[in-house]
Amino acid sequence: MFVSESILHADLDSFYASVEQRDDPRLRGRPVIVGGGVVLAASYQAKAHGVRTAMGGAQARRLCPGAIVVPPRFEAYTEASRAVFEVFHDTTPLVEGLSIDEAFLEVGGLRRLTGETPERIAARLRARVAEQVGLPITVGVARTKFLAKVASRVAKPDGLLVVPTEGELAFLHPLPVRMLWGVGEVTAGKLHGWGITTVAEVAELTEATLVALLGRASGRHLHALAHNRDPRVVQPGRRRGSIGSQRALGRRPRPWAEVETMLIGLVDRVTRRMRAAERIGRTVTLRLRFADYTRATRSHTMAEATAHTQTVLTSARTLLRAARPMIDSRGLTLIGIAVGNLAEASTGQLTLPFDRPPPELDTAVDLARTRFGRTAVTRGVLLGRELDADMPMLPD
């Protein structure tokens, strides 16, 4: 853990779409959509027509009839991410990756060592990413992680914005409440309903008032952020707290058997990733999004931490079946599974597998898939079904 004076938030612009435009000159300056059934990414030219990530492909094409739709190339995105992170780590050893296309960098020590200002360091980083990787990247610079991330959002696309310490609140307070980290559609709707539309109006309320309006956790969180109180520091080498996967389903109704089959595929993918990362976990979380755009999560904590596919699947099925009344009445557009409360696999308690197949079975299947491809060995229920490609992930 490091005390930070100068924090950079570096965020690649429309990452997947930018890689496609970089690799195919015919796509440059054109509206590009990555993914056909569901939008995985959209270029800024497509976003100008209202196209957004996770939108259904049919809706996206109606909004932007001239868009060029390309299939995803996850290997290319992973390679590009690695090249960008090499630039990050060559800039400073204090890099905290958030995803494959964004990270926090702590440059206070570098400033003391070289005399360079954070703005100069950020400008050099952007130039190197453009020259060496061929991608646009936006960087926000501030005293806190929260404000650095806000600055990068404001500066997009392909920009650089420094928020000086003496001008923090002057920059933050005029912004809409959606710029506060953690404020989504539901919370923003509540705040708008009470006539609160800017960060300044949130800051005018007492913490007790916000707690009464939004609950203890959200109220305290937003009160702190509205005053730019964020004690978190850049944590290099921090491992993720959960491993998950999700799948957008579109808006057409799905038979229950198909939903259960998708769940099986997601659990297979998540537990395979856990074993590859040598992690085990105790808490299984089911994430659902409905046709009315509302969301729900349900979780179950198991007695023991595990990466055993069948054990995780049993918990996930129980959660899904309990949520069936909501799904039947509201329609399902997205399903996701995550396993949290992660620990190192070496710390797991050994038990006799009287009630389940031995873990060596999972390991053997993983080895076969690694050597011969992920469809070389699959569950019978998944035969003949098109599986989503594995999304690229930040190395754990």
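1. Contact between α11 and α12. In this predicted model, helix α11 contributes Glu 207, Leu 210, Val 211 and Leu 214 to a contact with helix α12, where the partners are Arg 216, Ser 218, Gly 219, Arg 220, Leu 222 and His 223. Sorted by class, the contact holds 4 nonpolar, 3 polar and 3 charged residues.

2. Geometry of that pair. Two packed helices are described by the angle between their axes and the distance between the axes. Helix α11 covers residues 207–214 and helix α12 covers residues 216–226; their axes come within 7 Å and cross at roughly 140 degrees. Because angles over 145 degrees would count as roughly antiparallel, this value leaves α11 oblique to α12. The crossing of the two helices is right-handed.

3. Contact between α1 and α4. For helix α1 (residues 15–23) and helix α4 (residues 74–91), the axes come within 10 Å and the crossing is at roughly 95 degrees. Helix α1 is therefore roughly perpendicular to α4. On the α1 side, the contact is formed by Phe 15, Tyr 16, Val 19, Glu 20 and Arg 22, and on the α4 side by Phe 74, Ala 76, Tyr 77, Ala 80 and Ser 81. By class, these residues comprise 7 nonpolar, 1 polar and 2 charged.

4. Is Val 51 buried or exposed? Val 51 is buried, since its relative accessible area is 0%, and the cut-off for burial is under 20%. Apart from neighbours within four places in sequence, the residues in contact with Val 51 are Ile 33, Val 39, Ala 42, Ala 46, Ala 60, Leu 63 and Cys 64. The C-alpha atoms of Val 51 and Arg 62 are 9.4 Å apart, with a sequence separation of 11 residues.

5. Cover of α7. Helix α7 (residues 145–155) is mostly covered, with 9 of its 11 residues buried. The buried set consists of Lys 145, Phe 146, Leu 147, Ala 148, Lys 149, Val 150, Ala 151, Ser 152 and Ala 155.

6. The chain as a whole. The protein chain contains 16 helices and 13 strands. It has 396 residues, of which 46% count as buried. Among contacts with a separation of 6 or more, 66% join residues 24 or more positions apart. The chain exposes about 19,900 Å², and carbon and sulfur atoms supply 54% of that area.

Definitions and conventions
Residues numbered from 1 in each chain as written. Predicted model: local features only at pLDDT ≥ 70, side-chain atom pairs only at ≥ 80, totals over all residues. Heavy atoms only, no water. Axes fitted to C-alpha atoms, helices over the stretch in contact; angles between N-to-C directions. Helix = DSSP H or I, 4+ residues; strand = E, 2+ residues; numbered from the N terminus. Parallel < 35°, antiparallel > 145°, perpendicular 65-115°, else oblique. Left-handed = near helix turned anticlockwise from the far one by under 90°. Contact = heavy atoms within 4.5 Å. Nonpolar A, V, L, I, M, F, W, Y, C, P; charged D, E, K, R; others polar. Buried < 20%, exposed > 50% of the residue type's maximum accessible area, 1.4 Å probe, protein only. Areas by Shrake-Rupley, 256 points an atom, 1.4 Å probe, with all protein chains shown as cover.
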